[in-house]
Amino acid sequence: MSGIFSKIAQGQIPSYKIAEDDKYFAFLDINPLAKGHTLVIPKQEVDYLFDLDEDTYTGLWTFSKKVAKAIESVCPCERIGVAVVGLEVPHAHVHLVPINTVGDIDFSRNRVAMTKEEFAAVAKEIRLGFLNL
Ligand code: 5GP
């Protein structure tokens, strides 16, 4: 059975999509640490990042780099912080978070409240940024 992130990648569950290719999918985290907080997944459903096969693993980082550049071009920040946690959703994913201080990527802190319109607007901007890289 497919997990929640596979269903998102297949369009069975809605998401604010940022980018995809045949192997990877990027979308906004629904409970973001910052505006522009994005998740990047391999379409292949593997729970633990370090269990991915070598090609899928290295390709995930290459794809994540492109997505990070797109976020950076849209969200004012010092840099894009990167985290892999995976304690909540058993489908390997990379968190890309616009940050200014280390506290901005503290997963125990309160998440940012965003309206549907704000999610849609920032997703659209990052999507365009990705296409223009
Ligand atoms: P982790 O597994 O890395 O501990 O956390 C999973 C992340 O996925 C969380 O930041 C959470 O907000 C996000 N998340 C969980 N379910 C959904 C969902 O259905 N849609 C989206 N866009 N994000 C989700």
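The legends below describe close-up views of a predicted model and its ligand.

Residues are numbered from 1 along each chain as its sequence is written, and side-chain values use heavy atoms, without hydrogens or water. Because the model is predicted, local features need pLDDT of at least 70 and side-chain atom pairs count only at pLDDT 80 or more, while totals for chains, interfaces and linings use all residues.

**View 1. The shell around the ligand.**
The ligand is surrounded by 17 residues, where a residue is near a molecule if one of its heavy atoms lies within 4 Å of it. The closest are Leu 28, Asp 29, Gly 86, His 93 and His 95. By class, ten residues of the shell are nonpolar, four are polar and three are charged; Ala, Val, Leu, Ile, Met, Phe, Trp, Tyr, Cys and Pro count as nonpolar, Asp, Glu, Lys and Arg as charged, and the others, Gly among them, as polar. Helix 1 (4-9) and strand 2 (24-28) each supply at least two residues of this shell. Helix 1 gives the most, with three residues. Helices (H or I, at least four residues) and strands (E, at least two) are DSSP runs, numbered from the N terminus.

A polar side-chain atom of His 95 lies 2.7 Å from an oxygen atom of the ligand. For Val 89, a backbone N or O atom is 2.9 Å from a ligand oxygen atom. In the side chain of Arg 111, an N or O atom is 3.3 Å from an oxygen atom of the ligand. On its own the ligand has 520 Å² of accessible area, and the protein covers 89% of this; the areas come from the Shrake-Rupley method with a 1.4 Å probe, and for residues only the protein chains shown count as cover.

**View 2. His 95 in strand 5.**
His 95 has its place in strand 5 (residues 94-99). His 95 counts as buried because its relative accessibility is 6%; buried means under 20% relative accessible area, exposed over 50%, and partly exposed in between (1.4 Å probe, protein chains only). A polar contact of 2.9 Å joins the side chains of His 95 and His 37.

Phe 27 lies in strand 2 and is buried, with a relative accessible area of 3%. Phe 27 and Leu 39 are twelve residues apart along the chain, and their C-alpha atoms are separated by 5.5 Å. Thr 38 is in strand 3 (residues 38-42). With a relative accessibility of 0%, Thr 38 counts as buried. Its side chain reaches the backbone oxygen of Gly 36 at 2.7 Å.

**View 3. Val 46 in a loop.**
Val 46 is found in the loop between strand 3 and helix 2 (54-72). Its relative accessibility is 16%, so Val 46 counts as buried. Between the C-alpha atoms of Val 46 and Pro 90, 44 residues apart along the chain, the separation is 7.5 Å.

**View 4. Gly 129 in helix 3.**
Helix 3 (residues 116-131) contains Gly 129. Gly 129 counts as buried, at 13% relative accessibility. In sequence Gly 129 and Ser 73 are 56 residues apart, and in space they are 6.5 Å apart, C-alpha to C-alpha.

Notes
Polar contact = N/O pair within 3.5 Å; in protein donor to acceptor, adjacent residues only side chain to side chain.
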